[in-house]
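Please look over the structure below before reading the notes.

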Amino acid sequence: MIKTRLALLSTLSEMHTQPIQYNLAALAGIVHQLSPDFLCVELPRSDWEQGNLTRAPVEVQRSLLPPAALSDVVVVPVAPDLRQFNDFAPKSGWRAGLARRLARIMQKAQRAANKAEAVHAIPFQSVCHTLCLLNEISWDADARQAWNAQNQAMLDNILQVARRDPGRRMLVAVQCQRTHWLEPRLKKIPDIELVDYLEL
């Protein structure tokens, strides 16, 4: 069996524009240094094919795509749509207030982590996972179902690429909230070798 070597790279959305060490330049530097065969990004295929990047997350526009454009890295859009974690939160009522408070706590945790290495380390990942679970409790059943369906579509797209050209090095750059959903499922895929991004 030919295995595809795959790493998840947690991104922090707008937090990359804040004065932290894991900023947009640092994220771009990681992509440049790793130079994977395939770089999976949170962008719908239709937007990518039409060159419509104005709606793409800031980290995709300014950190992930530029170094890929200057190299042999193949960009693969894997998102079915542009919704991100906080887009699934309720818009009104006490549940919305809870979701907003948890989102602020998440931002504080991201700011405290500061560096890429810390964001990918177990302490931050544990805090992030706990906050995500608490936040999802504030969502209604339809939102949770939609979040799971979106992640499943992304996983299917990632595996399609891996199996079309096995044995390559794949870097999957997704919101840190999404890595908790993808990681345990990727670990169960026999033809995927999931590694730390520094080991890609």
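The charged end of R185 lies over the ring of W181, 3.7 Å from the ring centre. A charge counts as sitting over a ring if NZ of Lys or CZ of Arg is within 6 Å of the ring centre and within 35 degrees of the ring normal. This is a predicted model, in which local features need pLDDT of at least 70 and side-chain atom pairs count only at pLDDT 80 or more, while totals for chains, interfaces and linings use all residues. Residues are numbered from 1 along each chain as its sequence is written, and side-chain values use heavy atoms, with hydrogens and water left out.

**Helix α8**

- Helix α8 covers residues 176-186, and eight of its eleven residues are buried. Buried means under 20% relative accessible area, exposed means over 50%, and partly exposed lies in between (1.4 Å probe, protein chains only).
- Helices (H or I, at least four residues) and strands (E, at least two) are DSSP runs, numbered from the N terminus.
- The buried residues of α8 are C176, Q177, R178, T179, H180, W181, L182 and L186.
- An α-helix has 3.6 residues a turn, so residues three or four places apart point the same way.

**Aromatic pairs**

- Rings of Phe, Tyr and Trp (its six-membered ring) pair if their centres lie within 6.5 Å; planes under 30 degrees apart count as stacked, over 60 as edge-to-face and the rest as tilted.
- By this rule there are five aromatic pairs. One of them joins W139 and W147 edge-to-face, at 6.0 Å centre to centre with 80° between the planes.
- W139 counts as buried because its relative accessibility is 1%. W147 is also buried, with a relative accessible area of 1%.
- One aromatic cluster is made up of F85, F88, W139 and W147.

**The sheet**

- Five parallel strands form an open sheet in the order β3-β2-β4-β1-β5. Two strands pair if DSSP finds at least two bridges between them.
- β3 and β5 (192-195) are at the edges with a single partner strand each, so one side of each has no neighbour in the sheet.
- From one strand to the next, the twist averages 35°. Axes for such angles are lines fitted to C-alpha atoms, for helices over the stretch in contact, and angles run from 0 to 180 degrees between N-to-C directions.

**Strand β2**

- How many residues of β2 are buried? Seven of the seven are, so β2 is largely enclosed by the rest of the structure.
- Both of its faces are covered, with F38, C40, E42 and P44 buried on one side and L39, V41 and L43 buried on the other.
- β2 pairs in the parallel sense with β3 (residues 74-79) over five bridges. V41 stands opposite P77 in β3.
- β2 also pairs in the parallel sense with β4 (residues 169-175), over three bridges. In β4, L171 is the bridge partner of L39, and V172 is the bridge partner of C40.

**Positive phi in loops**

- S35 is not a glycine, yet its phi is positive, about 40°. S35 lies in the loop between α1 (24-34) and β2 (38-44), and is partly exposed, with a relative accessible area of 34%.
- N114, also a residue other than glycine, has a positive phi near 70°. N114 is in the loop between α4 (93-113) and α5 (116-119).
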